Amino acid sequence: MPPECQLFGTLGCHLCEVAEAELLPLVEHGLLVELVDIGEHARLIDDYALRIPVLRRVDTGAELDWPFDAEQIVTFLRK
């Protein structure tokens, strides 16, 4: 079973939309991804404003910075 993940982004972020599209086939196969809008949390803005989109594993806290594709996501999830 794949680990649960969070995708840090914000509304109106074109790259975040592209990242969501890369994740969609994996979500359709059981990957759980929570979309987290950094604009709603001052600490997240400080941590991620210049890095979004960022995919984060809930279990380990490991992060995958943009740019990434489906193959890189799969490799990241297997670690």
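Are Phe-8 and Tyr-48 buried or exposed? Phe-8 is buried, and Tyr-48 is buried too. This model is predicted.

## Aromatic pairs

The structure holds two aromatic pairs. In one, Phe-8 and Tyr-48 are stacked, with 4.4 Å centre to centre and 10° between the planes. Phe-8 lies in strand 1 and Tyr-48 in helix 2, so this pair ties together parts that are 40 residues apart in sequence.

Trp-66 and Phe-68 also form an aromatic pair. Their arrangement is edge-to-face: 5.0 Å centre to centre, 75° between the planes. Phe-68 counts as buried because its relative accessibility is 4%, under the 20% cut-off. Trp-66 has 22% relative accessibility, so Trp-66 counts as partly exposed.

## Helix 1

Helix 1 covers residues 14-28, 15 residues in total. From its first C-alpha to its last, helix 1 reaches 22 Å. That is close to the 21 Å expected at 1.5 Å a residue. The helix bends by about 30° at Glu-22. A proline, Pro-25, follows within four residues.

The buried residues of helix 1 are Cys-16, Ala-19, Leu-23 and Leu-26. They pack against strand 1 (5-9), strand 2 (33-37), strand 3 and helix 3 (70-78). After helix 1 comes Gly-30, with a positive phi near 110°.

## Ile-52

Ile-52 sits in the loop between helix 2 (42-48) and strand 3 (54-57). Its relative accessibility is 15%, so Ile-52 counts as buried. Leaving aside residues up to four places away in sequence, Ile-52 touches Phe-8, Gly-9, Thr-10, Cys-13, Cys-16 and Ile-38. Phe-8 also belongs to the stacked pair, and Cys-16 is one of the buried residues of helix 1.

Terms used
Residues numbered from 1 in each chain as written. Predicted model: local features only at pLDDT ≥ 70, side-chain atom pairs only at ≥ 80, totals over all residues. Heavy atoms only, no water. Helix = DSSP H or I, 4+ residues; strand = E, 2+ residues; numbered from the N terminus. Buried < 20%, exposed > 50% of the residue type's maximum accessible area, 1.4 Å probe, protein only. Contact = heavy atoms within 4.5 Å. Expected span 1.5 Å × (residues − 1). Bend = angle between axes of the 7 residues up to and from the residue. Phe/Tyr/Trp six-rings, centres within 6.5 Å; stacked < 30°, edge-to-face > 60°.
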